[in-house]
Each structure stands twice: as C-alpha cells, then as structure tokens.
Amino acid sequence: MEEYGFFLTYNERSDVIRLPVNPESLEIKAGNDSKARTIVDFGQINEIQYPKLREFSFSSFFPAQDYPFVVGERHEPLYYINMIQKWMEARRPIRFVFSGIMRTDTGNATDSSQLLNQALNGQVDFAINLAVSIENFDWSIQAGTQDIDYNIAFKEFTFYEARKL
C-alpha cells in the first residue's frame, strides 16, 4: 500500500514542510521553445529547441484543527505561511518533492523524515524531486474554521555559474 506526500525543503533540508493536506490535483506545465520556419520551395518545418523550465501549481489548505485526512505532523496554519514567506524573501531555491510513498508492512505510514528520505533516495515508483523557485503564493483565512486556503506555483530552478574560458 502507498500514499502520496508533498514536501518542501529549504537549505539542504534544514527546514522541511510536509504539506498536511494533500492537494486534490497537481498541475504540471512542460513545453519547449520550438519555432516554425518556412523553407523556400519546401514549406514549414518545426525547429525543436531545448525544453522550457517546468512549472507546477496546486491549491489546498493549512488546517487550523484536526481532520482525519491530515497527514504528517500538523502545525498551526501561520507556521506554514511564515515558513514559505521566509523562503521567498531569501531569494534562494527550495526543493519540491512529490512522491508515492511506501507504507510499512503494518499499513501505517512511517514518520515524515523517513518518508522524505525514501522519496529523495529513489525508493518509490514515482517522484518529482526538483529545485524550484516559488513564483506565486496566495492565501486567505476561512471564517469559522480559521483554516487557511492557499494557491502556490513553482518554476523549476536550474543551478548555473559562469564558466572560466
């Protein structure tokens, strides 16, 4: 049996968040910069270019109370908001990990740090494990429950440096 986990990590896992409520869906945008060219006496061709950076987005909520579907360790909603805003202000990439996670033989999920390690070490059938930038983060507090609904979007980050010639 397996479950899915969404993790955000910062600074080589010095800060780790496992999202307490899995989003209903994950939107992934992938494409390339192909260009159509017209060749004289031939017609149009497609000049395939390198892929664009992938983009990911989803919506969910940070619960202010215990629900039976909350996964991992639950914190107060503002804990997650403050952590994500801190990472955005640092202007450094974070790691986005989405993974199918294997459960133990008893059917109970192991703790979040073990689950994240399984995902990062390729011990699952499916995983997205990428450095990303947080492109958008919108949130609102729900009256009554005090849950915080949010939308978040990421863009793949490629590490680069100038090469000496």
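**Patches, bridges and a pocket in a predicted fold**

A nonpolar surface patch of about 290 Å² is made by I39, F42 and I45. Patches here gather residues with over 30% relative accessible area and no salt bridge, joining like charges within 9 Å and nonpolar side chains (Val, Leu, Ile, Met, Phe, Trp, Tyr) within 5 Å; the accessible areas come from the Shrake-Rupley method with a 1.4 Å probe, and for residues only the protein chains shown count as cover. I45 sits in strand β5 (residues 43–47) and is partly exposed, at a relative accessible area of 32%. For burial, the cut-offs are under 20% relative accessible area for buried and over 50% for exposed, with partly exposed in between (1.4 Å probe, protein chains only).

All of this rests on a predicted model, in which local features need pLDDT of at least 70 and side-chain atom pairs count only at pLDDT 80 or more, while totals for chains, interfaces and linings use all residues. Residues are numbered from 1 along each chain as its sequence is written, and side-chain values use heavy atoms, with hydrogens and water left out.

Stepping back to the whole chain, the protein has two helices and nine strands, where helices (H or I, at least four residues) and strands (E, at least two) are DSSP runs numbered from the N terminus. Read from that end, the order is β-β-β-β-β-β-α-β-α-β-β. Of the 165 residues, 33% count as buried.

Next come the charged pairs. Seven salt bridges turn up in the structure, each being a side-chain nitrogen of Lys or Arg within 4 Å of a carboxyl oxygen of Asp or Glu. One of them joins D15 and K86, at 2.9 Å from N to O. Because D15 belongs to strand β2 (residues 15–18) and K86 to helix α1 (residues 77–90), this contact ties together parts that are 71 residues apart in sequence. D15 is buried, with a relative accessible area of 15%, whereas K86 is partly exposed at 41%.

E156 and R54 make another salt bridge, their closest N and O atoms lying 3.1 Å apart. This pair also links distant parts of the chain, 102 residues apart, with E156 in strand β9 (residues 148–156). Here E156 is buried, at a relative accessible area of 15%, and R54 is partly exposed, at 33%. K29 and E27 meet as well, at 4.0 Å from N to O; K29 is partly exposed at 47%, and so is E27 at 41%.

Strand β9 also brings in the sheet pairing, which calls for at least two DSSP bridges between two strands. β9 pairs with β6 in the antiparallel sense over eight bridges, with S59 partnered by N151 of β9. Strand β8 (residues 127–141) pairs with β9 in the antiparallel sense too, over nine bridges. V132 has E156 as its bridge partner in β9, and E156 is the residue that forms the salt bridge with R54. Six residues separate the strands in the hairpin of β8 and β9, where G144 takes a positive phi near 95°.

Finally, the largest pocket has a volume of about 270 Å³. On a 1 Å grid over the protein atoms alone, a pocket is an open set of points where a 1.4 Å probe fits, with protein on both sides within 12 Å along at least five of seven lines, and lining residues have an atom within 4 Å of a point. The volume is the space filled by probe spheres set on the points, which are joined across faces, edges and corners. Its lining counts 12 residues, with T9, N11, E12, R95 and F159 nearest the centre. β1 (2–10) and β7 (94–102) each supply at least two residues of that lining.
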